[in-house]
Amino acid sequence: MSGLPPGPRTPRLLQSRRWSREPLPFLERCRARYGPTFTLRLRHLGTWVLLSDPEDVKRVFSADTDDLGVGVPNLALRPVLGAHSVMLSEEPEHMARRKMMLPRFHGDRMREDAEVMTELARREVRAWPVGEPFRLWPRMQALTQEVVMRAVFGDDQGRLDRLRVLLTNLTDAVNDEGRLRKLALFGPGWLERSRGWRQAMDPVEKEVLAEVRRRRAEGENGRKDAVSILIEARNEDGSPLSEKELRDELLTLLTDGPTSSSLAWVFERLLRHPEKLERLQQELLAGEGDAYLDAVIKETLRLRPPVSVVVRRLLRPATLGGYDLPAETLVAPCVYLVHNSAEIYEDPGSFVPERFLERRAAVPTWIPFGGGARRCLAASYAEQEMKRVVRTVLEEVELEPVDTGSERISRAAIAFSPAQHGLVVARPRTPVYA
Ligand code: HEM
């Protein structure tokens with residue numbers, strides 16, 4: 001068929017409003033009405049062909065890098081990332097950048113960070129209030145920020161202390177609800193010009209660039225954090241990355257939103273399913289492998305994917321969902337709809353980690369990290385981090401939910417998070433794990 005797949009015929013502004021206020025019910029209603037492939041027309045984000053048939057998703061993620069370009073990123077992320085970010089650059093720069101950054105988040109470097117992750121998690125948990133309600137999500141934000149700051153900057157305590165405050169301000173500015181509503185209406189250009197935003201962003205940029213200049217002046221130092229790796233990296237023509245390029249790559253790494261909300265969700269789900277929590281605790285207590293822990297994390301990322309769609313631009317015509325789509329069409333594999341499909345998962349709305357003891361979590365039916373050449377470059381790192389944190393929390397404290405009912409899914413700037421931000425009470429664990 002030629003032309004774009006069907007979709008809501010309401011004006012773009014109205015579709016954008018739905019998308020910004022209640023994206024997940026909107027996606028579900030569209031699928032119920034138009035089928036697995038449909039078109040949304042969104043202000044500032046363009047016209048998207050949403051794909052939720054695994055065959056189409058697979059075709060997009062296995063396409064040649066020459067056939068696909070950058071789609072449109074999350075509106076709130078765009079001003080943070082900057083035009084040179086690996087997430088926004090086209091080939092061949094994209095692949096070159098990715099290759100520079102990957103080693104920091106894979107293999108030995110990733111494994112070396114495991115103990116630091118546990119140590120930072122332990123320190124964080126031991127500072128939690130005992131016996132009174134508190135919100136897990138902000139604590140997880142603080143923790144994952146601490147982990148990523150070390151991966152990016154190493155152990156320079158003074159620098160980390162300054163950045164911690166600045167990055168927390170920036171995260172709050174990104175997640176401010178009033179600002180997010182205006183962003184959907186006026187677009188990222190408005191955000192970049194707004195005073196409140198600049199007040200949060202400018203000091204972060206200044207701090208990041210100060211470190212870049214200091215390291216450059218210092219010369220080769222044998223450090224293996226992301227700043228040093230990127231300063232020493234060379235483009236194909238032998239030139240180093242410019243300050244602007246370094247700023248964009250480093251900020252891309254520092255704005256890690258999805259890990260903290262995914263961690264908040266792991267506990268939100270486990271606390272509503274005591275029998276699953278019990279099974280996980282038994283596994284941790286037995287000290288024999290982490291198959292169930294892995295399944296719990298995979299299932300949480302399936303049921304509560306922090307990112308609901310990933311977007312690509314077709315560089316050549318392609319047939320998807322039975323439609324002949326021209327070059328320049330924005331196609332959007334829909335993580336949320338794939339993960340919530342009854343044709344793929346039995347009882348998709350239920351939290352059943354056991355399903356991933358039996359089946360592999362892989363593209364095209366499990367796609368919380370996207371797929372293909374632009375798949376999250378820190379996917380294994382993030383999973384390792386989540387495992388370390390969940391294990392440490394459960395070793396240190398017993399958590400109880402404040403409300404027995406499930407928390408609703410609410411939209412934050414970068415990721416979907418629990419509406420009450422994971423409201424819990426912590427008590428010291430007895431007996432203590434071996
Ligand atoms: C649970 C945690 C995380 C989730 C669910 C997640 C999810 C995603 C998704 C959906 C994408 C887009 C993929 C695509 O377009 O196909 C992405 C890209 C990316 N993520 Fe993550 N992410 C997580 C954690 C992290 C962390 C911890 C870092 C780094 C510190 C990171 C760095 C990146 C980068 C650099 C890209 C761009 C890759 C490229 O364009 O080649 N992510 N992530």
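**A mixed sheet, a helix pair and a ligand shell**

In the predicted model described here, Leu40 has Trp48 of strand β2 as its bridge partner. Residues are numbered from 1 along each chain as its sequence is written. Because the model is predicted, local features need pLDDT of at least 70 and side-chain atom pairs count only at pLDDT 80 or more, while totals for chains, interfaces and linings use all residues.

Strands β1 and β2 (residues 46-51) run antiparallel and are joined by 6 bridges; strands are DSSP runs of E with at least two residues, helices are runs of H or I with at least four residues, and both are numbered from the N terminus. The two strands form a hairpin with 3 residues between them, and His44 in the turn has a positive phi of about 70°. They belong to an open sheet of 5 strands with mixed pairing, in the order β1-β2-β8-β5-β3, where two strands pair if DSSP finds at least two bridges between them. Its edge strands, each pairing on one side only, are β1 (37-42) and β3 (68-70).

Where does β1 stand in terms of burial? Of its 6 residues, 6 are buried, so β1 is largely enclosed by the rest of the structure; buried here means that 20 or more other C-beta atoms, placed from the backbone, lie within 10 Å of the residue's own. Thr37, Thr39 and Arg41 are buried on one side, and Phe38, Leu40 and Leu42 on the other. Helix α3 (residues 54-61) lies across β1, β2, β5 (312-314) and β8 (330-333), running at about 120° to β8.

Turning to helix packing, the axes of α6 (residues 107-126) and α7 (residues 136-153) come within 10 Å and cross at roughly 145°. These axes are lines fitted to C-alpha atoms, for helices over the stretch in contact, with angles from 0 to 180 degrees between N-to-C directions. Among the residues that meet across this pair are Val116, Leu120 and Glu124 in α6 and Arg139, Leu143 and Arg150 in α7, contact being C-beta atoms, placed from the backbone, within 7 Å. By class, the contact has 8 nonpolar, no polar and 5 charged residues; Ala, Val, Leu, Ile, Met, Phe, Trp, Tyr, Cys and Pro count as nonpolar, Asp, Glu, Lys and Arg as charged, and the others, Gly among them, as polar.

Finally, there is the ligand. Of the 24 residues around the ligand, Pro258, Gly370, Cys376, Ala378 and Ala382 come nearest, a residue being near if its C-beta atom, placed from the backbone, lies within 6 Å. Two or more residues of this shell come from each of α13 (243-254), α14 (258-271) and α19 (379-396), and α14 gives the most, with 3 residues. The shell has 15 nonpolar, 5 polar and 4 charged residues.

Methods:
Contact = placed C-beta atoms within 7 Å. Buried ≥ 20, exposed ≤ 12 C-beta atoms within 10 Å, placed from the backbone.
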